[in-house]
Amino acid sequence: MDNEKNDPVVTNIVATKDKVTTRVLAIKRSKKAKKSKVAKKTVQKKLPKDENELYGILDEPNINYVQFGVDKRFHTWYGTNVYFENGSRDLGIVIENNLNRESPTKKEPMKKKGTSEKSKMWLDTLFVCEYCFKYTDIEQHLIEHTKICKLKNNCPPGKIKYKSPKYTIRRIKGSKHSLFCQCLCLFTKLFLDNKSMYFKVENYEFYMLYETGDNKPMGFFSKDLLSYQQNNLACILIFPPYQRRQLGTLLIEFSYKLSRLQSLITGPELPLSPFGLIGYMYYWSNLIAYEVIDGQLSNRSTISLNELSLTTGIRTSDVVMTLKHLDCLDTKNRINIQMIREWFKKQKASKKQTIDNAGNIMIEDEYLLIDD
Ligand SMILES: [Zn+2]
């Protein structure tokens, strides 16, 4: 408890929490305004610019680097204004009574390391705790916070839903851990340019990936509890230091394990980000090919799209997209099994495919803990 008083980063987050609330109100107003605009002008081919603003999207990156924990530093990919006070280039930091830092004033804004007036960057480095995603623009504050971060020193939040010797996935409810989930969503904005939300986290569940025995999150996907289409995934991101390890495939596969348990034929919220599409195409292609060549539909001379969808749990529209991508669908939407066979052979030969005898790529069924 007392630790929080000495935690320089907590102050920032309290301010952020208020800011998120303020922003939600602002968004409600702008949604209303937008509705009336759309009513007057019914044909709009492109996403209006103010819709991007609604999600805090900027045209170019505005934070140069993220320092994630004390030893990982990398560039941001996308610009976002969600970390900043409305209409300013200051982080959402308001109260700093007990900190050795001068408060920025209107006349003399505090200069950030490495930024100049000419720079397009609003901030050179955002320092983010790699355990709880709280943030600051002062390195020393992150160092001090890390020493006392509750999520570093205690168990991560949420309930374990998968635990293999290598990986653990925890389900974290936005309604229960709203501050953690809000900070996570803000961080995500730096690496995804889609319309991912960063408020109303109570409507979402977050499935967070850890290395078993370690408290550092490596990536996550979110699930919209109010999804009208019953999508099994809203947003997915593997954090930059942990990419290129097939962890996206692990989470995608896990999302389908959850929906299969409910007997749902489903898929991710569309449109997918470019990286998301690559990840899904890999998963869908391999699973479809597995079922056709080695799985439940093997030894069949013809297979319908509907059968393939029911067997894999993948939506028919996604099956069609995948088969077109593999060039295994003719103009009358008939599946060319021979072509799939050849593609699968090539995958096996090039060792790009690692699907096991149970049709799993990364998940090991015996470690699933999803039956509640
Ligand atoms: Zn922390």
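1. The model is predicted, with local features requiring pLDDT of at least 70 and side-chain atom pairs counting only at pLDDT 80 or more, while totals for chains, interfaces and linings use all residues. Residues are numbered from 1 along each chain as its sequence is written.

2. Pro241 sits in the loop between β11 (235-238) and α7 (247-261), where helices (H or I, at least four residues) and strands (E, at least two) are DSSP runs numbered from the N terminus. Pro241 is partly exposed because 15 other C-beta atoms lie within 10 Å; on this scale 20 or more means buried, 12 or fewer exposed, and anything in between partly exposed, with C-beta atoms placed from the backbone.

3. Pro241 touches Phe68 and Lys72, leaving aside residues up to four places away in sequence, a contact being two C-beta atoms, placed from the backbone, within 7 Å. Although Pro241 and Lys72 are 169 residues apart in sequence, their C-alpha atoms are 7.4 Å apart in space.

4. The 15 residues of α7 reach 21 Å from first C-alpha to last, close to the 21 Å expected at 1.5 Å a residue, the expected span being 1.5 Å times one less than the number of residues. Its buried residues, among them Leu247, Leu251 and Phe254, pack against β7, β8, β9, β10, β11 and α8.

5. UniProt, in an unreviewed entry, places the feature "active site" at Glu269, and such annotations may be inferred rather than shown by experiment. Glu269 lies in the loop between α7 and α8, is buried because 20 other C-beta atoms lie within 10 Å, and touches Asp224, Asn231, Leu233 and Ala234, again not counting residues up to four places away in sequence.
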